[in-house]
Amino acid sequence: MDSTFIIEKSVVILVVFAFTMLMAMYSTWAERKVAAYLQDRVGPNRAGWGGLLQPLADGLKLFSKEEFEPNTPNRFLFFTGPAIAMSTALITSAVIPWGDRFHLFGRDILLQATDIDVAMLYIFGVLSIGVYGIMIGGWASNNKFSLIGAIRAASQMVSYEVAMGLSIIALLMMTGTLSLREISAQQAGMNWNVFYQPLSFLIFLICAFAETNRTPFDLAECETELIGGYHTEYSSMKMGFYLFAEYANMFISSTILAVLFFGGYNYPGMSWVVEHWGVNIANVFGIGALFIKLCGFIFFYMWVRWTIPRFRYDQLMHLGWRILIPLSIFNIIITGIVLLRVEIMAYLGF
Amino acid sequence: MSIILILFCVLSFITLATAFLTIYSRNPIHSAIYLVICFFSIAGHYLLLNAQFLAIVHVIVYSGAIMILMLFTIMLMNLNNRNDVHKPRITRLGAIVLFILMCVVLIGIFINSKPIVGEYISTGEDYQSIKVLGKILLNEYMVPFEFASILLLVAMIGAVLLSKKEKITK
């Protein structure tokens, strides 16, 4: 392993990390602005132009607040909860391809921290670990409401993981690979997977809402029933970590939606740009295209949050287990028949 | 010492220490959390052997599904950690003897086992790739694979049936 490789990867990882943090910060601002727009208000407009410095002011406020600790026998676990939530939110970005190869300084630079063969499974693995942050935090708070909130959030995430995994199988049958890089490359031009797998996309989108605990599935934070959810006992930056992790998760899941179904860094006319203006400029546009797509999804998250009211808990479980799972199994069967249509026709004697 | 060896030593230490703490700690939730860390370090061992797929599936199945359900059960039952059942002496003795016998069997297996990794490398097959794994599972080992899937399906239907018991009797 040569040192340039390590430097290159470190730079990519640092940039992605900083970008994720920045996006999570400004998602809070965007959320308040979108909410204000939808409710015919002005929104934050005091700190900076259009309230652009508001996230910094919020961060400063959270840092300088008093750090309250409940009387819990599990102090260590109480601190571990937000740490797990934050780190799992950040490590998912390791397998996302942010762009194609750059050609700089006589070498190819891949805009991806690591291109592993099992990228899709890695994302599901990290998702399932993310549940621990909520469960451990809620349990260690030593508070019944926190525990109920944590159990609600965790059971919701575990249930929707099943439908999410099944919905993605139909897509993987079509692409024949688990590597996000190859999935992006297959969608060159306008061959976006959403046109071939609309049902899979719909199920994945609904499950992504449930996995990130966003409205209409934010049962874990039902104030009227649960005070504040699993982070009731948290204060100062520890609570900030939970909220921040939620926004980072939203950013990452928007990116995964864009990469899996909306072509990733591909845009119409990319091959023309590569031919006429070179690889690097085409890639800069590619990163811009991915950025626009994921911002669209983040806006969609916020739009839904301020439009649709929250479900009841039994409705949530009904939707997950009785509607989405049979629907995704049906989708798998249909995809299988379409993929093997030639063999089936030959077998039937046509 | 190479990096691999150092990593192996650290991971083995974590695995054994957390496995010991799992049975040693009094609080059932702490036990479960130690077990989760133990599973993670075992996934690390798989990664050292270049088995990416196995490592990630291990994390998803054991840490992500089984242990979370275990934690649910423990949290909801609210087990009293002071309420230890005193076991008779003969049970303890039996447990120790069984453990030693188990160790003898395991040592026997490890002494007689042949590392298959070298064989795979010499044939030039990319044994980490999911494509190779999938082809082997569905060609050479198709019958055991299908039997395993039927077994899992039956277990799943059984679990659903058990949870629906009250509605059937109505």
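UniProt, in an unreviewed entry, places the feature "transmembrane region" at residues 6–26, 76–99, 119–141, 162–180, 192–210, 241–265, 277–302 and 323–348 of chain A. Keep in mind that this is a predicted model. Chain A also has a partner here: 23 of its residues are in contact with 24 residues of chain B.

**The annotated spans**

- Take residues 162–180 of chain A, one of the spans that UniProt lists. The stretch is 79% helix and 0% strand, and its end C-alpha atoms lie 20 Å apart.
- Residues 141–162 of chain B come out at 95% helix and 0% strand, with end C-alpha atoms 32 Å apart.

- How much area do chain A and chain B bury between them? The figure is about 2000 Å², and 79% of it is on carbon and sulfur atoms.
- Three residues stand out on the chain A side: Tyr132(A), Met135(A) and Trp139(A) supply 29% of the area that chain A buries against chain B, more than any other three residues.
- Which helices of chain A each bring at least two residues to the side that touches chain B? They are α4 (119–140) and α5 (144–175).
- Of these, α4(A) gives the largest share of that side, with eleven residues.
- Sort the chain A side by class and you find 17 nonpolar, five polar and one charged residues.
- As for specific links across the interface, the rule finds zero salt bridges. It does find two residue pairs in polar contact, both at pLDDT 80 or more.

**Thr20(A), in a helix**

- Thr20(A) lies in helix α1 of chain A, which covers residues 3–38.
- Is Thr20(A) buried or exposed? Thr20(A) counts as buried because its relative accessible area is 0%.
- The side chain of Thr20(A) reaches the backbone oxygen of Val16(A) at 2.6 Å.
- Leaving aside neighbours within four places in sequence, Thr20(A) is in contact with Leu90(A), Ser93(A), Ala248(A), Phe251(A) and Ile252(A).

**Ser235(A), in a loop**

- You'll find Ser235(A) in the loop between α9 (223–226) and α10 (236–261) of chain A.
- Why does Ser235(A) count as buried? Its relative accessible area is 15%, and the cut-off for buried is under 20%.
- Which residues does Ser235(A) touch, once its neighbours within four places in sequence are left aside? They are Glu66(A), Glu67(A) and Phe68(A).

**Gly48(A), in another loop**

- Gly48(A) belongs to the loop between α1 and α2 (54–64) of chain A.
- With a relative accessibility of 31%, Gly48(A) counts as partly exposed.
- How far is Gly48(A) from Ile332(A)? The two are 284 residues apart in sequence and 50 Å apart in space, taken C-alpha to C-alpha.

Methods:
Residues numbered from 1 in each chain as written. Chains lettered and ligands numbered in written order. Predicted model: local features only at pLDDT ≥ 70, side-chain atom pairs only at ≥ 80, totals over all residues. Heavy atoms only, no water. Contact = heavy atoms within 4.5 Å. Buried area = accessible area lost by both parts, 1.4 Å probe. Salt bridge = Lys/Arg side-chain N within 4 Å of Asp/Glu carboxyl O. Polar contact = N/O pair within 3.5 Å; in protein donor to acceptor, adjacent residues only side chain to side chain. Helix = DSSP H or I, 4+ residues; strand = E, 2+ residues; numbered from the N terminus. Nonpolar A, V, L, I, M, F, W, Y, C, P; charged D, E, K, R; others polar. UniProt positions renumbered as here; feature names shortened; annotations may be inferred. Buried < 20%, exposed > 50% of the residue type's maximum accessible area, 1.4 Å probe, protein only.
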